[in-house]
Amino acid sequence: MRNIYIALTLSVILLNSCIDNTTELGTKPISRIKFQEEFSNTAYREDQWNEFTLACPSIEQENEDKPLTYRWDVNYKTVSTEKDLKFVCDELTPADMGSFPCRLTVSNEDGSSYQDFYLKVTSPYEEGLMVMSKTTEGSMLSFKREDKPDVPFQLNAYKRNNPDYPLGEDPVGIVQLNSSTLYIASANPNRIIKLNSKTMEATYLLDYPAGNLNFIGKPNETETYLGLNNTIFCFDNGRLLYLDAGQDGFINHVQQELDKLVLPNKIELANKICLAKKSYLVYDNANSRLFYYDDWYARIVDIQPNDFKGKKLIDFVPCMGGYYNQVIIVEIPGGTPEIILANPPYLSGSPVSTEGTGINSDSKFLGSAKNPHLYYSVGNQIFVYNIYSNGNFEPARYTVGETGDVIKSMVFNSNENKLYVGWESANGGEYKGNVTCFVLSGSSEPWEEKGIAGEIVNMMYKK
């Protein structure tokens with residue numbers, strides 16, 4: 001009986017102990033980390049060498065605030081352990097990658113939470129307008145990016161990235177072969193420099209083998225069809241050299257074929273070239289001859305020489321893509337310029353006189369790749385002429401600056417929805433070069449910047 005009593009007493013005591021136990025052993029609450037805001041689903045963007053900053057989102061811990069640690073990873077590398085990210089973007093995002101994968105991880109003693117985001121590191125020279133000009137200090141390259149709004153011109157873009165490789169005193173031209181390679185040429189001394197188009201850094205200095213570098217060019221967009229996508233054309237005192245960019249070497253086989261021709265005067269080519277069909281056109285000012293080099297048969301064709309007697313070339317202008325439609329502007333010195341259409345190796349129709357238009361040897365020309373439109377300048381005005389209208393010239397469509405100012409160059413952007421006009425102020429001082437952007441279609445805004453260049457020699461839209 002006593003044993004039963006003791007057992008019952010112990011049972012009551014144990015039962016009371018279970019009911020009254022308030023210890024937290026084994027049930028301590030976890031303080032989970034929760035982000036109060038989300039990063040953008042769209043990749044953040046920053047230029048190379050700029051500092052990208054991103055604040056850590058607000059954080060809530062479930063039960064109590066415990067000490068936190070942070071880790072920021074960019075492209076699978078830890079770049080910071082601070083609360084907010086400050087990261088110098090020293091590496092461009094590869095074209096085939098789109099953007100870098102990134103992650104923020106926040107931890108406390110109970111665990112971690114993370115958020116992913118994306119970062120695209122772009123070149124400060126991604127896409128935009130390049131203006132080459134002459135100043136008292138020599139050749140100058142100005143650049144304005146057009147892939148970001150409201151970014152002003154950067155003067156001395158070349159010098160800024162290549163202080164140890166100066167350009168020559170006299171600017172000659174710029175050629176872009178592909179999305180990653182530029183060639184920039186200057187004279188006195190002659191220099192052709194290969195550039196990384198994304199960083200504007202010199203990668204190769206070419207020794208120009210002739211005496212006078214007057215012009216370099218990549219005539220128009222048909223060069224890929226022709227297999228000439230690695231070819232740059234150089235002119236030297238009326239002679240033609242090829243720069244084979246694949247080998248970074250020079251050849252002159254076309255000039256050798258020209259030299260075999262029996263003509264009254266020594267050939268003196270104009271500093272212009274125009275691709276057409278499977279080859280290209282050059283013009284001999286000394287003999288007033290238009291030559292078509294047939295690349296397929298490796299032969300020179302003298303196109304209708306009687307139509308060019310006594311005339312000098314002002315410009316070649318491809319229109320409608322340039323395959324069949326070449327506009328040739330010529331003049332007898334002191335006479336009225338003429339517009340001639342060519343479908344090499346033939347001419348199309350009769351020459352059109354420009355009498356009364358104001359067109360002269362100082363006019364600048366630009367052909368539309370989409371329409372049969374020839375843009376031309378007279379002084380500070382721009383006119384648009386339909387090449388099939390047989391002389392129906394219309395009033396000026398655009399004007400820049402003031403009377404006395406002079407247009408020096410015109411280019412389209414890659415979509416041909418903007419027209420960029422480089423012009424010089426009559427009273428602008430050393431930096432008299434200006435650029436006006438006219439919007440031809442779309443919703444972007446026109447703009448104008450003054451004092452961004454010296455004497456404008458060349459403009460190119462880099463894409």
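1. Lys-432 has a relative accessibility of 22% and therefore counts as partly exposed; buried means under 20% relative accessible area, exposed over 50%, and partly exposed in between, with a 1.4 Å probe and protein chains only. Lys-432 forms a salt bridge with Glu-424, and their closest N and O atoms are 3.9 Å apart. A salt bridge here is a side-chain nitrogen of Lys or Arg within 4 Å of a carboxyl oxygen of Asp or Glu. Glu-424, at 10% relative accessibility, counts as buried.

2. A note on the basis of these values: the model is predicted, local features need pLDDT of at least 70, side-chain atom pairs count only at pLDDT 80 or more, and totals for chains, interfaces and linings use all residues. Residues are numbered from 1 along each chain as its sequence is written, and side-chain values use heavy atoms, with hydrogens and water left out.

3. The count of salt bridges comes to 24. One of them joins the side chains of Asp-110 and Lys-66, at 2.7 Å from N to O. This pair links distant parts of the chain, 44 residues apart: Asp-110 is in the loop between β8 (100–108) and β9 (111–122), and Lys-66 is in the loop between β4 (59–61) and β5 (69–74). Strands such as these are DSSP runs (E, at least two residues), numbered from the N terminus. Asp-110 is partly exposed at 33% relative accessibility, whereas Lys-66 is buried, with a relative accessible area of 10%.

4. Another salt bridge brings together the side chains of Lys-311 and Glu-338, at 2.6 Å from N to O. Lys-311 lies in the loop between β23 (299–303) and β24, and Glu-338 lies in strand β26, so the pair ties together parts that are 27 residues apart in sequence. Lys-311 is buried, its relative accessible area being 9%.

5. Salt bridges also form a network, which links Arg-45, Asp-47, Arg-145, Asp-147 and Lys-148.

6. Strands β24 and β26, named in point 4, belong to an open sheet of four strands in the order β24-β25-β26-β27, with antiparallel pairing. Two strands pair if DSSP finds at least two bridges between them. The edge strands, β24 (312–318) and β27 (346–353), each pair on one side only. From one strand to the next, the twist averages 20°; axes are lines fitted to C-alpha atoms, and angles run from 0 to 180 degrees between N-to-C directions. Strand β26 (residues 338–343) is joined to β27 by five bridges, and the two run antiparallel. Leu-341 has Ser-348 in β27 as its bridge partner.

7. A second open sheet has three strands in the order β11-β10-β36, again with antiparallel pairing. β11 (138–145) and β36 (455–462) stand at its edges with a single partner strand each, so one side of each is left without a neighbour in the sheet. Neighbouring strands of this sheet are turned by 20° against each other on average, direction ignored.

8. Ser-133 shows both pairings: Ser-133 stands opposite Met-140 in β11, and its bridge partner in β36 is Ile-456. β36 is mostly covered, with six of its eight residues buried.

9. Asp-236 deserves a separate look. This residue lies in strand β17 (residues 231–236). Asp-236 is buried yet has no salt bridge, and the nearest side chain of opposite charge, Arg-239, is 6.9 Å away. For charge, Lys and Arg count as positive and Asp and Glu as negative, while His and the chain ends are not counted.

10. What does the side chain of Asp-236 make a polar contact with? Its partner is the side chain of Tyr-208, at 3.3 Å. A polar contact is a pair of N or O atoms within 3.5 Å; within protein, one must be able to donate a hydrogen and the other to accept it, and residues adjacent in sequence count only if both atoms are side-chain atoms. The side chain of Asp-236 also reaches the backbone nitrogen of Gly-211 at 3.2 Å. Not counting residues up to four places away in sequence, Asp-236 touches Tyr-208, Ala-210, Gly-211, Asn-212, Leu-213 and Asn-214, where contact means heavy atoms within 4.5 Å.
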